[in-house]
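Thanks for coming. Please have the sequence and the structure open.

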Amino acid sequence: MRALSAALLAVLLGLVTACGSGAGEGGGGEAAGTRTITTDKGPLEVPADPQRIVVLSGGLAGYLYALEKPPVATDTRVLGITNFDGGFPPAWAEPARAAGTEQLPAGDSLSIEAVAAAQPDLIIGGGQGITAVQAAEAYDRLAEIAPTVLVPRTLTAWQDQLGAVADAVNATDAVAPLLERYQDRVEQVKSAITLPEGEFVYIGSFASDKTYLVPGDAALPALGKDVGINPVDVVARAPDARLASTGDTLEISPELLGEIADAPNAIVANAGGRSVEELRKDPNYAQLPSFRSGNVWEVPAASYRPDFDGAMATLDLYEQTFAGQTG
């Protein structure tokens with residue numbers, strides 16, 4: 001009996017050890033194949049190797065393709081790039097089609113039924129924009145379908161968003177090579193460009209008729225600083241202006257544009273609004289030093305809230321734009 005008990009104990013210990021080995025980084029002692037991560041909702045048990053990931057924000061989906069963890073279904077809306085008509089954003093359309101990723105229906109509310117139909121073992125939402133609001137409102141219902149991770153909207157830098165998504169899918173080992181690729185490209189671009197003298201003001205051009213500037217610590221200006229493009233601190237210049245909850249747009253009165261955005265250079269992030277040429281016809285913009293001197297450049301919507309691919313594409317654009325500049 002003692003020999004049998006010892007043998008049985010050895011088998012049980014072996015099973016426990018096997019189960020424990022399924023826990024990934026950040027977790028331990030959970031059921032086989034799971035791990036625990038820290039979220040704004042508290043500790044959350046997620047699959048150690050998720051196979052059916054559903055993404056509720058088009059702005060976050062690109063990270064999963066960069067991490068080689070393609071989702072089975074995703075929302076496709078990205079500000080200024082796609083809309084309710086659907087279609088994958090060009091930056092990751094090819095890998096999405098190759099992976100067989102399905103498009104979630106876009107609408108004024110989140111389709112819980114479509115999320116459930118995708119049979120996810122992990123749901124990722126949050127980030128910025130209307131899809132983040134929808135996911136937050138539906139969190140309890142989503143959590144009944146599968147473990148749900150909401151990327152905090154306070155994470156505006158693409159590097160931080162990448163880290164949060166990688167943590168959720170247990171792919172943190174893949175982050176460092178991506179960051180190294182980015183930094184190598186930064187150094188290449190810095191050595192290849194000559195920037196005009198003086199600071200830059202970033203202007204947001206959206207479908208709304210309102211006047212927006214982009215704070216210096218938002219994602220696009222932060223990327224610019226990496227290659228030496230120094231932004232104006234528009235928030236300090238307009239302390240009473242309305243700063244969006246996402247932290248990356250500052251709404252100002254059109255009459256104050258000349259006072260706040262008087263930097264010698266400007267970059268216009270066109271996210272579905274007026275182009276630089278159209279803005280030139282507006283007296284409020286035409287008076288700006290940057291517009292009068294011609295030192296104004298336009299970047300696409302993918303640069304405004306860039307993911308990894310958007311950041312790399314923006315570096316390419318800066319290299320093309322400022323190569324050979326005399327300052």
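Helix α8 has a face turned away from its buried side, and that face carries the exposed residues E180 and S191. Before going on, note that this is a predicted model.

Now the helix itself. Helix α8 covers residues 175-192, which makes 18 residues. From its first C-alpha to its last, α8 reaches 26 Å, close to the 26 Å expected at 1.5 Å a residue.

Which residues of α8 are buried? They are V175, L178, Y182, R185, V186 and V189. Looking down the axis of α8, you find these buried residues within an arc of 110°, so they line one face of the helix. What do they pack against? The partners are α2 (58-66), α7 (158-168), α9 (219-226) and α16 (308-322).

Keep R185 in mind. Besides being one of the buried residues of α8, R185 is linked with D316 and E319 in a network of salt bridges.

Next, the aromatic rings. A pair of aromatic rings is described by the distance of the centres and the angle of the planes. The structure holds 11 aromatic pairs. Take F88 and W92: their ring centres are 5.8 Å apart and their planes stand at 55°, so this pair is tilted. Are F88 and W92 buried or exposed? Both F88 and W92 are buried.

There is also an aromatic cluster, formed by F200, W297, Y318 and F322. One ring has a charge over it: K41 lies over the face of Y139, 4.7 Å from the ring centre.

Last, the charged pairs. Side chains of opposite charge can pair when their charged atoms come close. The count of salt bridges here comes to 10.

One of them joins the side chains of R237 and D262, at 2.4 Å from N to O. R237 lies in helix α10 (residues 234-237), while D262 lies in the loop between α11 (257-260) and β12 (265-271), so the pair ties together parts that are 25 residues apart in sequence. R237 is partly exposed, at 37% relative accessibility, and D262 is partly exposed too, at 35%.

Another salt bridge is between R280 and E277, at 3.2 Å from N to O. Those two residues are three apart in helix α12 (residues 276-280), a separation of about one helical turn. R280 is partly exposed, with a relative accessible area of 30%.

Finally, R242 forms a salt bridge with E251, and their closest N and O atoms are 3.7 Å apart. R242 is exposed, with a relative accessible area of 53%.

Conventions:
Residues are numbered from 1 along each chain as its sequence is written. This is a predicted model: local features need pLDDT of at least 70, side-chain atom pairs count only at pLDDT 80 or more; totals for chains, interfaces and linings use all residues. Side-chain values use heavy atoms; hydrogens and water are left out. Helices (H or I, at least four residues) and strands (E, at least two) are DSSP runs, numbered from the N terminus. The expected span of a helix is 1.5 Å times one less than its number of residues. Buried means under 20% relative accessible area, exposed over 50%, partly exposed in between (1.4 Å probe, protein chains only). The arc is that of the directions from the helix axis to the C-beta atoms. Contact means heavy atoms within 4.5 Å. Rings of Phe, Tyr and Trp (its six-membered ring) pair if their centres lie within 6.5 Å; planes under 30 degrees apart count as stacked, over 60 as edge-to-face and the rest as tilted. A charge sits over a ring if NZ of Lys or CZ of Arg is within 6 Å of the ring centre and within 35 degrees of the ring normal. A salt bridge is a side-chain nitrogen of Lys or Arg within 4 Å of a carboxyl oxygen of Asp or Glu.
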